[in-house]
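Colleague: I'd like to go through this one with you, labels included. Can you show it to me before I start asking?

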Amino acid sequence: MSSERKPDGMTRREMIGSASLAALGTSMLTAPAAGAASPQNYQVGKDPGKHEPLQDFKFDIEATTGWVGEAGSAKEATVEEFPVSKSIAGVSMRLKPGGIRELHWHAIAAEWAFVINGKVLTTVIAPNGQAATDIFEEGDIWYFPRGHGHALQNIGNDEAHFVLGFDDGHFSEFGTFSITDWVARTPANVVQRNLGLPAETVKGLPTKELYILPGKIPQSIPEAYLANDIETSQSAHKFRLGNMPALTFPGGWERIVTIKEFPINNTLTSVLQYLEPGAIREMHWHPNADEWQYLLSGRSRVTIFGAHGRVKTEEFKQGQICFIERGFGHCVEQVGAEPTKFFALFNSPTFEEISISKWTAGNPASLLADNFQISKDAAAKLPNKTLGIIR
């Protein structure tokens, strides 16, 4: 530390020492004497009323306009539309029969999808040159790692509807790297040499990004690749979430797929849940991940707890999304006469949960009695196992 002499004759070291002594003297004058009673309303930390209110955690994605074309549509929810959802972005996409989501890739996010209805053909290419072609139907999910080129086509006779999830809330589906956009903005002579096409053909290529375009359903599926020696991917991009064994509870069921069941899906976990009328997905929290929900059918009421006395409740209907921050306590109540079905996406390859029943089961009755200020007999009747979905 510098001992440079100041104009008043004191060194920097002497000034700091004097300031410290002055502060000590002030604290001694203001602190209560030993044995004196502390202020009755003394609190450590901030006044609970001074904390920021909980953010809105509900967004009606299906009520937005999004992108609409002759072969399909797309509606998105990024942090721009849904500020609380910083870790996950979502898209509701529909393709008409034959409709194609053109060849493209995503630079900052992996793509996950859940097929609500229809029949979708996908192709994907990996950096090692391996390719994969798969057909997805209702209840199936896919996962394409970040940067892998892919395309989607509706090969059924009815409209295909699926929800996409991306592991970055800042990602916008409308800012993807599309092959038509790239080619349209590259000098024609470069495109001609790269694609091996005559100059006249290059002149007729799309002059802007097509995004979703009409297409013809292939007569034979799968069709052969242009390269007859290309390697088939050894990593499955498809998982039949709707067909996997369910964890059953008195009030419903859930199906959970993590990296263990779906190895290529190394950034996200999927949970499909079903609640009988009157059921409750019990109070719980997730220590390792945020939760992004899309309501498939029925209605639900979600209550979140964000500490500091803050709670917020919202009701959800089909097509609306819900976002719950990591560590926030929450529960889901089924509302109405029809069962409720939704899927939840978590930004972690592994699934972690602590429920209030699991918590009470792991503590002695005497401690719970003192904590809740009830009798030990009453505490002994608290849940002694995980309840999951309560009827």
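**Strands, core and pockets**

Modeller: Val120 stands opposite Asn154 in β10. In β8, the bridge partner of Val120 is Phe136. Bear in mind that this is a predicted model: local features need pLDDT of at least 70, side-chain atom pairs count only at pLDDT 80 or more, and totals for chains, interfaces and linings use all residues. Numbering runs from 1 along each chain as its sequence is written, and side-chain values use heavy atoms, with hydrogens and water left out.

Colleague: Why are β7 and β8 said to pair?

Modeller: Pairing takes at least two bridges found by DSSP. β7 (120-125) and β8 (131-136) have 6 bridges, antiparallel, so they pair. β7 also runs antiparallel to β10 (149-154), again over 6 bridges.

Colleague: What stands out in the hairpin of β7 and β8?

Modeller: There are 5 residues between the strands, and Gly129 takes a positive phi near 90°.

Colleague: Which residues touch the most other members of the largest nonpolar core?

Modeller: Phe114, Trp292, Tyr294 and Phe343, out of 29 residues. Leaving aside neighbours within four places in sequence, Phe343 is in contact (heavy atoms within 4.5 Å) with residues including Trp112, Val163 and Leu272.

Colleague: What is the lining of the largest pocket like by class?

Modeller: It has 27 nonpolar, 12 polar and 2 charged residues. Among those closest to the centre of the largest pocket are Thr123 and His150. The lining of the second largest pocket has 11 nonpolar, 8 polar and no charged residues, and α6 gives the largest share, 4 residues.

Notes
Helices (H or I, at least four residues) and strands (E, at least two) are DSSP runs, numbered from the N terminus. A nonpolar core is a set of buried Ala, Val, Leu, Ile, Met, Phe, Trp, Tyr and Cys residues joined through side-chain atoms within 4.5 Å. Buried means under 20% relative accessible area, exposed over 50%, partly exposed in between (1.4 Å probe, protein chains only). On a 1 Å grid over the protein atoms alone, a cavity is a set of points where a 1.4 Å probe fits but cannot get out, and a pocket is an open set with protein on both sides within 12 Å along at least five of seven lines; lining residues have an atom within 4 Å of a point. Ala, Val, Leu, Ile, Met, Phe, Trp, Tyr, Cys and Pro count as nonpolar, Asp, Glu, Lys and Arg as charged, and the others, Gly among them, as polar.
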